[in-house]
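The sequence and the structure are shown first.

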Amino acid sequence: MTTPGRLEVGRIGRAHGLHGEVAFTLTSDVTARVERGSILHVGDRPLTVVASRPHQGRWLVRFAEVSDRTAAEALRGEIVTADPIERSEEHTSELQSRLHL
């Protein structure tokens, strides 16, 4: 279930390793979603990205709140959401110029 105002940004796959890392399929084109310090959500539960790296077409992500494989396995299949990213006027102008608007 998506909380109103949040956007679906990915889905958690299988656990990877013993220390809480998960395979993560990013459904957003904004890779900043998985940068260190990003706050993502599973339902109303916030998850803070502490590390991420691309791996075989997906991402491997470690969250501060997920400390072991058991906790990572419990998240398998969960939809991940995030608050919308606010774009600056400068960024919007740059995108418009690229699109020749």
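Two strands are taken to pair if DSSP finds at least two bridges between them; strands (E, at least two residues) and helices (H or I, at least four) are DSSP runs numbered from the N terminus. The model is a predicted one, in which local features need pLDDT of at least 70 and side-chain atom pairs count only at pLDDT 80 or more, while totals for chains, interfaces and linings use all residues. Residues are numbered from 1 along each chain as its sequence is written, and side-chain values use heavy atoms, with hydrogens and water left out.

**Strand pairing**

β4 and β5 run antiparallel and are joined by 6 bridges. They form a hairpin with 2 residues between them, and Gln56 in the turn has a positive phi of about 50°. His55 has Arg58 in β5 as its bridge partner. β5 also pairs with β2, in the antiparallel sense and over 3 bridges; here Phe24 stands opposite Trp59 in β5.

**Nonpolar core**

A nonpolar core is a set of buried Ala, Val, Leu, Ile, Met, Phe, Trp, Tyr and Cys residues joined through side-chain atoms within 4.5 Å. Buried means under 20% relative accessible area, exposed over 50%, and partly exposed in between (1.4 Å probe, protein chains only). The largest such core has 19 residues, and those with the most contacts inside it are Ile12, Phe24, Leu40, Val61, Phe63 and Val80. At least two residues of this core come from each of β1 (7-16), β2 (21-26), β3 (39-42), β4 (45-55), β5 (58-63) and β6 (79-82). Not counting residues up to four places away in sequence, Phe63 touches Ile12, Val22, Leu40, Leu47, Thr48, Val49 and Val50, a contact being heavy atoms within 4.5 Å.

**Salt bridges**

A salt bridge is a side-chain nitrogen of Lys or Arg within 4 Å of a carboxyl oxygen of Asp or Glu. By this rule the count comes to 3.

| Pair | N to O distance |
|---|---|
| Asp83 and Arg6 | 3.4 Å |
| Glu21 and Arg53 | 3.2 Å |
| Arg69 and Glu73 | 3.0 Å |

Asp83 is partly exposed at 43% relative accessible area, whereas Arg6 is buried at 17%.

Glu21 in strand β2 and Arg53 in strand β4 are 32 residues apart. Glu21 is buried, with a relative accessible area of 15%, and Arg53 is partly exposed at 38%.

Arg69 and Glu73 are 4 residues apart in helix α1 (residues 69-74), a separation of about one helical turn. Arg69 is partly exposed at 31% relative accessibility, as is Glu73 at 44%.
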